[in-house]
Amino acid sequence: MGLGGRLAVTFGGLVAVTALLIGGASYVSTGNQVTDEIDRFLHDRADEIAEGQRRSPEGRSDRRSKDDGETVLATEPDAEVQLLAKDGAVEANSGLLLPIDDRDLQIADRAETPRLRTISIDGDDYRMITQHIDGGGAVQVARSLDETNSLLDVLQERLVAIAAVMAVLAAGVGWVLARRTTRPLRSLTAAVDAVAETRDFTVPVTATRNDEVGRLARGFDRMLGALAVSREQQRRLVQDTAHELRTPLTSIKANVDWLQRAGDVDRQTRVDTLESVGRELSELNELIGELIELAIDDHEL
């Protein structure tokens, strides 16, 4: 994956995580607000029934006895109500038998703080309050959470969809920005490839930016210039070396050839000629040493 792809994935991932975090916070906040509204409703309804402002359910009925025709009309269609005696026995309900535990029995027996909790009946979730009634007993009011759960499910789906859309958009924006940002890098890469293939150090490198990429391009351009100068110096060095080496070698070859042809030359002439050859060899040896030192110095630089 190229730099553009990595930036696109990074942008999309960051936006998706941010959207999910914000959406999760909104989801939790909405759920808490809805639960608080239901709890206020349950408190108000329990107070109204306990104070006699609403008609209590008459008789006992639950879902298991609907087939027997014993269902009693609920006091209100928006809640299930159940009345408990002081000993915890069910005196009446509105059609649904609500669960009772030891804590509910304590509230029915004596005045205690109303209890709110979430219950499940036949796979359906309810929010229920158990509140003491003056004189003994308790009233239980439950409200179905189906509507609330459906609302939260829709909210969750929308938040996930929004996060996905935002992630895709962010990835697209990241891709476009990455393409624009890396355009000088692609030009620089093309120049590097061209130099590697052609060994031409005069390849132009465009540097119109003032950021890190622009400085990198200008630095590469200066490097190419230095390499071009170094190549030119190397070429001149080779030419000068060839000229300097050619002269003593030519002289040595000429003297050796003359000695081979002049078999009857006198001793002094032969000695002088050999001394000339020796001097030429010494000069050649010194020249080679200087070339080696120059090459070593260039390499170290």
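Is Phe11 buried, partly exposed or exposed? In this predicted model, Phe11 is partly exposed, at a relative accessible area of 35%. Helix α1, which spans residues 3–50, carries Phe11. Together with Val173 and Leu177, Phe11 makes a nonpolar surface patch of about 240 Å².

The overall architecture was examined next. The protein contains six helices and five strands. Their order along the sequence is α-β-β-α-β-β-β-α-α-α-α. Of the 301 residues, 30% count as buried. Among contacts with a separation of 6 or more, 55% join residues 24 or more positions apart.

Charged surface patches were then located. Arg179, Arg180, Arg183 and Arg186 gather in a patch of positive charge. Two helices, α3 (146–181) and α4 (183–198), each supply at least two residues of this positive patch. Arg186 belongs to helix α4. With a relative accessibility of 32%, Arg186 counts as partly exposed. A patch of negative charge is formed by Glu283, Glu286, Glu290 and Glu293. Glu293 sits in helix α6, residues 267–300. The relative accessible area of Glu293 is 53%, so this residue is classed as exposed, the cut-off being over 50%.

Contacts made by Leu237 were also traced. Leu237 lies in helix α5, which covers residues 212–261. Beyond residues up to four places away in sequence, Leu237 touches Leu291 and Leu294. Leu237 and Leu294 are 57 residues apart in sequence. Their C-alpha atoms are 9.9 Å apart in space. At 31% relative accessibility, Leu237 is partly exposed. Glu232 is partly exposed, with a relative accessible area of 29%.

Salt bridges were searched across the whole structure, and 12 were found. One of them joins the side chains of Arg117 and Asp101, at 4.0 Å from N to O. Arg117 lies in strand β3, whereas Asp101 lies in the loop between β2 and α2 (102–109), so the pair ties together parts that are 16 residues apart in sequence. Arg117 has a relative accessibility of 13% and therefore counts as buried, the cut-off being under 20%. Asp101, at 28%, counts as partly exposed. Both residues belong to a network of salt bridges that also links Asp104 and Arg115. A further salt bridge brings together the side chains of Glu112 and Arg103, with an N to O distance of 2.3 Å. Glu112 is partly exposed at 23% relative accessibility. Arg103 is partly exposed as well, at 32%.

Two loop residues were examined in turn. Ala85 is placed in the loop between β1 (80–84) and β2 (90–93). Its relative accessibility is 15%, so Ala85 counts as buried. Leaving aside residues up to four places away in sequence, Ala85 touches Glu91, Ala108 and Gly137. Ala85 and Ala138 are 53 residues apart along the chain. Their C-alpha atoms are separated by 6.6 Å.

Asp122 occupies the loop between β3 (115–121) and β4 (124–132). Asp122 is not a glycine, yet its phi is positive, at about 55°. The relative accessible area of Asp122 is 66%, so this residue counts as exposed. Ala85, by contrast, is a buried loop residue.

Conventions. Residues numbered from 1 in each chain as written. Predicted model: local features only at pLDDT ≥ 70, side-chain atom pairs only at ≥ 80, totals over all residues. Heavy atoms only, no water. Patch = residues over 30% accessible without salt bridge, like charges linked within 9 Å, V, L, I, M, F, W, Y side chains within 5 Å. Areas by Shrake-Rupley, 256 points an atom, 1.4 Å probe, with all protein chains shown as cover. Lys, Arg positive; Asp, Glu negative; His and termini not counted. Charge placed at Lys NZ, Arg CZ, Asp CG, Glu CD. Helix = DSSP H or I, 4+ residues; strand = E, 2+ residues; numbered from the N terminus. Buried < 20%, exposed > 50% of the residue type's maximum accessible area, 1.4 Å probe, protein only. Contact = heavy atoms within 4.5 Å.
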